[in-house]
Amino acid sequence: MGIVRSINESNLAGFILLGFSDHPQLQKILFVVILIFYLLTIFGNTAIIVVSHLESKLHTPMYFFLSHLSFLDLCFTSSIIPQLLVNLCFPRKIITFGGCVVQLYVSLALGSTECVLLAVMSYDRYVAVCRPLHYTVLMHSCLCRTLASMAWLSGIATTLIQSTLTLQLPLCGNHRVDHFFCEVPVLISLACVDTTFNEAELFVASILFLIVPVSFILVSYGYIAQAVLRIKSATGRQKAFGTCSSHLMVVIIFYGTIIFMYLQPSKSRSKDQGKFVSLFYTVVTPMLNPLIYTLRNKDFKAALKKVLKKSL
């Protein structure tokens, strides 16, 4: 294995994650902001999982998928942020080879799973708005579990392929990663051999996990918009628009930043640009998801109050 051999042949125990070391005055501010965002992410997503499980009124397909999304965000951020916080605090910004491999496999699996899961959630919203009378029949529990399993399995499959191919690349002693975590595009750029095949494979995977789901979501929301405009009741239109606009906001933020990172040619963006864009989908989006989905959701707020009353 290329990277394994390269690590073994050097005296370095892993990789140097340069992160934001070019901006020392910014590191303390970033540490405080990211720590706050991480704590909010843990609290918000845990609340969604717990309340959705305890409150029977939330045992619906929408909250089933939302619980999966919250669990994904918890795991995704926890695979990246703790190491980032350590590196922001201390001058020695090293991640072990084993830590880098785990971070690479886990973060890519979870990120890819989320790409597919958001498309699944758009289908759920499409059925709820466009086929309301058949919703319970079409979105039965067996189908929901199957769709969620497909999302998880697709994420696992892509990381087994992409991460393994990336780890085959020789680095020729280059262990300075100009990023804050081990990510496929960044590790490919460290290789000292022709990476055309890896870049082509990454491009194909990006099309499958970014462009295809986004296209599916946009088509779904095209039909949803038509259905919402046909609703005669102003209250019904407002409820449908509120629920769907929350999901669409998450989609725009999440896919927009990842598409920028994975589909834009690496030479056309600055290194700092890539880091701050990555911060957005690794730190900001997982924190925003609970806020976007719950702040305007009366059902969830009522369920949260009910659970809190029972626990106090």
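## The largest cavity

In this predicted model, the largest cavity has a lining of 21 residues, and those lying nearest its centre are Leu 108, Gly 111, Ser 112, Ile 258 and Tyr 262. The volume of this largest cavity is about 250 Å³, and a search of the whole structure finds three cavities of 30 Å³ or more.

Four helices each supply at least two residues of the lining of the largest cavity, namely helix 5 (97-130), helix 7 (141-167), helix 9 (196-230) and helix 10 (234-263). Helix 5 gives the most to this lining, with six residues. Sorted by class, the lining of the largest cavity has 14 nonpolar residues, together with six polar residues and one charged residue.

## Where helix 2 meets helix 12

Two packed helices are described by the angle between their axes and by the distance between those axes. For helix 2 (residues 24-54) and helix 12 (residues 298-311), the axes come within 10 Å and cross at roughly 80 degrees. Angles of 65 to 115 degrees count as roughly perpendicular, and helix 2 and helix 12 are therefore roughly perpendicular to each other.

Which residues form this contact between helix 2 and helix 12? From helix 2 come Ala 47, Ile 48, Val 51 and Leu 54, and they meet Phe 300, Ala 303, Leu 304 and Val 307 in helix 12. By class, the contact of helix 2 with helix 12 has eight nonpolar residues, with no polar and no charged residues.

Notes. Residues numbered from 1 in each chain as written. Predicted model: local features only at pLDDT ≥ 70, side-chain atom pairs only at ≥ 80, totals over all residues. Heavy atoms only, no water. 1 Å grid on protein atoms, 1.4 Å probe; cavity = no way out; pocket = protein on both sides within 12 Å on 5 of 7 lines; lining within 4 Å. Points joined across faces, edges and corners; volume = space filled by probe spheres on them. Nonpolar A, V, L, I, M, F, W, Y, C, P; charged D, E, K, R; others polar. Axes fitted to C-alpha atoms, helices over the stretch in contact; angles between N-to-C directions. Parallel < 35°, antiparallel > 145°, perpendicular 65-115°, else oblique. Contact = heavy atoms within 4.5 Å.
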